[in-house]
Amino acid sequence: MIGGLFIYNHKGEVLISRVYRDDIGRNAVDAFRVNVIHARQQVRSPVTNFARTSFFHVKRSNIWLAAVTKQNVNAAMVFEFLYKMCDVMTAYFSKISEENIKNNFVLIYELLDEILDFGYPQNSETGALKTFITQQGIKSQHHTKEEQSQITSQVTGQIGWRREGIKYRRNELFLDVLESVNLLMSPQGQVLSAHVSGRVVMKSYLSGMPECKFGMNDKIVIDKQGKGGTTDDSGKSGKQSIAIDDCTFHQCVRLSKFDSERSISFIPPDGEYELMRYRTTKDIILPFRVIPLVREVGRTKLEVKVVIKSNFKPSLLAQKIEVRIPTPLNTSGVQVICMKGKAKYKASENAIVWKIKRMAGMKESQISAEIELLPTNDKKKWARPPISMNFEVPFAPSGLKVRYLKVFEPKLNYSDHDVIKWVRYIGRSGIYETRC
Amino acid sequence: MPAVSKGDGMRGLAVFISDIRNCKSKEAEIKRINKELANIRSKFKGDKALDGYSKKKYVCKLLFIFLLGHDIDFGHMEAVNLLSSNKYTEKQIGYLFISVLVNSNSELIRLINNAIKNDLSSRNPTFMCLALHCIANVGSREMAEAFAGEIPRILVAGDTMDSVKQSAALCLLRLYKTSPDLVLMGEWTSRVVHLLNDQHMGVVTAAISLITCLSQKNPDEFKTCVSLAVSRLSRIVSSASTDLQDYTYYFVPAPWLSCKLLRLLQCYPPPEDGAVKGRLVECLETILNKAQEPPKSKKVQHSNAKNAILFEAISLIIHYDSEPNLLVRACNQLGQFLQHRETNLRYLALESMCTLASSEFSHEAVKTHIETVINALKTERDVSVRQRAADLLYAMCDRSNAKQIVAEMLSYLETADYSIREEMVLKVAILAEKYAVDYSWYVDTILNLIRIAGDYVSEEVWYRVIQIVINRDDVQGYAAKTVFEALQAPACHENMVKVGGYILGEFGNLIAGDPRSSPLVQFNLLHSKFHLCSVPTRALLLSAYIKFINLFPETKSTIQEVLRSDSQIRNSDVELQQRAVEYLKLSSIASTDVLATVLEEMPPFPERESSILAKLKKKKGPGAVSVNELEEGKREGGELNGGGERGGDSSAISTPSPSADLLGLRAGPPVTAAAPSAGSLLVDVFSEAGSGSLASYFQFVCKNNGVLFENQLLQIGIKSEYRQNLGRMYLFYGNKTSVQFVTFTTTLNVQAKPVEPLIEGGAQVQQVINIECLTDFSDAPLLNIKFRYGGALQNLTLKLPVTINKFFQPTEMASHDFFQRWKQLSLPQQEAQKIFKANHAMDTEVLKAKLLGLGMALLENVDPNPENFVCAGVIQTKAQQVGSLLRLEPNAQAQMYRLTVRSSKDTVSKRLCELLAEQF
């Protein structure tokens, strides 16, 4: 179990220190600072071990969160907790930064008391936490006895993530499919590795205790239905459905039902939450293709030409496109010509950054650059790091489609049809690289 | 040095550095540096030629970035350009960059050397100094090659400025340290010595470092420096503190120079010239006198400087070791420091006294401080000082005060620091042995030692007790009695049980008369400890029991009962079980006469250097053994009998492993009891070595030359050659000790020319053996060697590495030929096959070499699988020829081999298979 949690700033100063168990002393704080934050060589492993003490850390911008334990804990659990902790903090004060943490330290200690008991993770549902840990300290004292007992029964009850008696005039549901597509491509256009990791994020404003059912084009479900119906259809439906490699759900989803029927049914928390996470590796739609051409002219010059092709329906528009072309370390000058967007050599990042605001599908654009080099006495060749790309497209590169989202609330008098539902797909680039 | 004017400050650099310092995170810092690097690159690449100032500024920035830990791979050219600038600051930055960043194998080294040469030949002293500093800072071999000839010239030239001379001397010193072979001695050496007379104190200080280093390597060439150094020293010592102005440090005239002079003098023996010597003695006396004067300043620097000179002077006095008067005075002076407030002074005083104690003149004087030292050992707060105090006690110990010192050390041992306990134990053990007047005291002391610090008593210590007890008849009874009493303590250390078991097993009969220690009581006492001990101790106790049966027949039934019990005879430990079974059988079958012969009392051990001393030396490591070495030197004159490794240098002494060193003892009584041998002491050593020689026997299957056998005394080398069915073998017997072996005889169960009966210490004799192979064979001839070494008869039996494969004639054949013959030899008895695990790494080249060494022809491109090896050959014997084919199939994955041998004679196949299976 987690023995303590420490939050450091980039200098290694402790901002928050909460010790849950006696086996963790103050020297653990220093051990982490000395051996990880101030380590001569960058520590890459998120789990480190010093003097029989394990440190699990995540870094958010300049802030280090480290969970410490002397016991043999489930590392995945600890990291899940750390991510949840980050989510909770973001929900309370948006960005995790040194200043925000310093300004909210009382709140953070309060949260830590609530989320972890004796090192065991408890309720980390933001919606539920917000009902009794508020940023206005005074307000919480005005809770009536009734309200307090309600909170207790909710937090300790079976459905800890939703309180009873919620009422909305308009019952609304927002559903976002957020995906990030990762790619590594050879210079010849061969896909070396590609996968999509996606999330289904929901925002629900529903009255009462509704029961929801979510359906998507999961291959297993579609095949099952196809078997029940006409078998001839399988070829067509196979194309429409996607194979999900693995997925995880929010605690509100009934896992037993998913296991037996593979249907996703749940009583949603109020407000925003992440319903599920998934990963796919097959039949990924790659929104962009990068075609690099690098020519070395002698020792002091380099010619780079990069073509990007958008590969989706012409009616859709990709946004925030950014191509990053790395330059050699001995670059002394760069001339860039591009047809579309803006391109600039950023010396501080050793790269040419080409930005395009918008680009429709099935289009093509090109940049060419001349890079002047300074001859060095260093014998080693330029390693040619891959060209990376960022973008945002309004569809799911994995091919995921939401088939239905049904809401049942037997006690109150609104039906599935009365709920206003919004569905949105956003595909973003993860690590989207092409070797050159 | 020209002062850096305000206008020379580099604003760009200052801004850059402050930017970096203001960076919030590492990422921001890297970004800023990347930006700066790109800027500098574009500036360097730019068409405009840069002026000196901006070049300097950018080179400075690069240097700063490099020092922050980033790689810099350009800008070297610009730095080299700066070297040719005429401005001091620009040149300085250029040199700085080069000494930090340019590695020796850079292409630019030629350009740099050129620039340095120009500066060296310029008449500007500042530039010359910069160049010299750069050479010294880089200090590479290339630099030495280029400038080793030039610098001595500058150093001794008459018109060179003092500051340049100073730099040149230090630069030369550095080059000499890195590549001494390149700095050639020449006519300049004598002139360097005369730098000691230089007016300028700085030059003298620099030169003396150089001279000290040089004279350590070539003392003869610099002999003349002694008198010069003495006169210089006397001038400094006798000068008033105001005379030397700049070189007076807190009222002490030129302390660094004085120390260096004294250190230089320590490289040489005392001057022979009476006048010089008188002057030196006078100097030393003055220094000692000055130490008595009240301090001129309360500042710590003053006393530090003064004491530095004093300690250096005392080292010199100790080094000379010829002036009783001075030695005693030094000793008294140190005695005062023993109670000084300063911990460092106390430490140094103890350390110096340690060396003083070994001088015959001052030994007595040192002894007067015994109380203080003992006090220091007890009350000192700093562990390193306590350690030194213990060292000093050890050094000042002699027959007169041994009892007191050993008692003090023993009592201190109870509270001593864990880090020094083991060393203390060894010291106590050595002192007790060395100065033991009566051996009962010795036995008492060591048993006390085991009682107090049992965990730190190494094996060597208790081995030694037993050696001594066994060799001295007069203490055996006393030892048995004391051990018996010591064992009666409810909790005793395992080492005590070991000693007790051994001694009671040998000499229990001496105290058996007393009803309180009757045989049965003794046995029960030992057996009560049995179950708490580790396996080796239990084994030793079992041997003690069987000895009891011999000593006291009345205990026989009790002991047999113990041996017969399941916990012994079915013990899970093989050694214990075997002993129990064998001893039980021995006791029930053998007659009393046989038993008495087998279990006879251990014969005395040959006298040898104490293994404890060797261990102590090993612990301290070479270099730190000065005290012991001195002692060693004293001892060597008298006793030291038969110490094979008497060479005197500590590295040689530390090599023998304790197991070999203790000969009979390590194997202990069990072996002698189980495999008794008539009188030969060393039998067990060789039985141990026998297994080693078996390994070396197999190593000769694939090679003809090498070392067949080696132990502490003897090395046997082999050279052999074979043609057809004839062979000749040269055996070289090397005596590794310094003592001659007499009546050296070898007998071979075949035939051999006789060998010289006498081998001088360190010498080697040769024996030739002619071999003829009559028919195929599987047993190797046995070589029996007998000789006397220091009175003890040594007996050694070795297998001569003559194997059937030595008589192979390689046969080349093509692929189909091979397989045809392979098929011909298809009778089941003609084939021998073995599948075995690889003992060594599966390296194709090594395997090839081994197969070639076997004597067969290695056939390439025969086997369809290139991994496999096939060989063919014919064994030539007088009677017949035996054709053999071999196939070796390595399986790299499983680390296994399959070996198939087919030959026309079944015994040959089998034997070859056996021999080869050991090889891979």
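Q: Which residues does Lys57(B) touch, not counting residues up to four places away in sequence?
A: Contact here means heavy atoms within 4.5 Å, and on that basis Lys57(B) touches Met10(B), Gly12(B) and Leu13(B). This is a predicted model, in which local features need pLDDT of at least 70 and side-chain atom pairs count only at pLDDT 80 or more, while totals for chains, interfaces and linings use all residues. Residues are numbered from 1 along each chain as its sequence is written, chains are lettered from A and ligands numbered from 1 in the order in which they are written, and side-chain values use heavy atoms, with hydrogens and water left out.

Q: Where is Lys57(B) found, and is Lys57(B) buried or exposed?
A: Lys57(B) belongs to helix α3 (residues 52–67) of chain B, helices being DSSP runs of H or I with at least four residues and strands runs of E with at least two, numbered from the N terminus. Lys57(B) is buried (under 20% relative accessible area, where exposed is over 50% and partly exposed in between, with a 1.4 Å probe and protein chains only). Lys57(B) has no salt bridge (a side-chain nitrogen of Lys or Arg within 4 Å of a carboxyl oxygen of Asp or Glu). With Lys and Arg counted as positive and Asp and Glu as negative, and His and the chain ends not counted, the nearest side chain of opposite charge is Glu36(B), 7.5 Å away.

Q: At what angle do helix α2 and helix α4 of chain A pack?
A: Axes are lines fitted to C-alpha atoms, for helices over the stretch in contact, and angles run from 0 to 180 degrees between N-to-C directions. Helix α2 (residues 75–93) and helix α4 (residues 105–115) of chain A pack at about 140°, with their axes 11 Å apart. That makes α2(A) oblique to α4(A), because angles under 35 degrees count as roughly parallel, over 145 as roughly antiparallel, 65 to 115 as roughly perpendicular and the rest as oblique. Among the residues that meet are Phe81(A) and Met85(A) in α2(A), and Leu107(A) and Ile108(A) in α4(A).

Q: In which strand does Cys247(A) lie, and which residues is Cys247(A) in contact with?
A: Cys247(A) lies in strand β11 (residues 246–249) of chain A and is partly exposed, with a relative accessible area of 23%. Leaving aside neighbours within four places in sequence, the contacts of Cys247(A) are Phe258(A), Met276(A), Arg277(A) and Tyr278(A). Arg277(A) is 30 residues from Cys247(A) along the chain, yet their C-alpha atoms are separated by 5.4 Å.

Q: How many helices and strands are there in chain A?
A: Chain A has nine helices and 23 strands, and 45% of its 436 residues count as buried.
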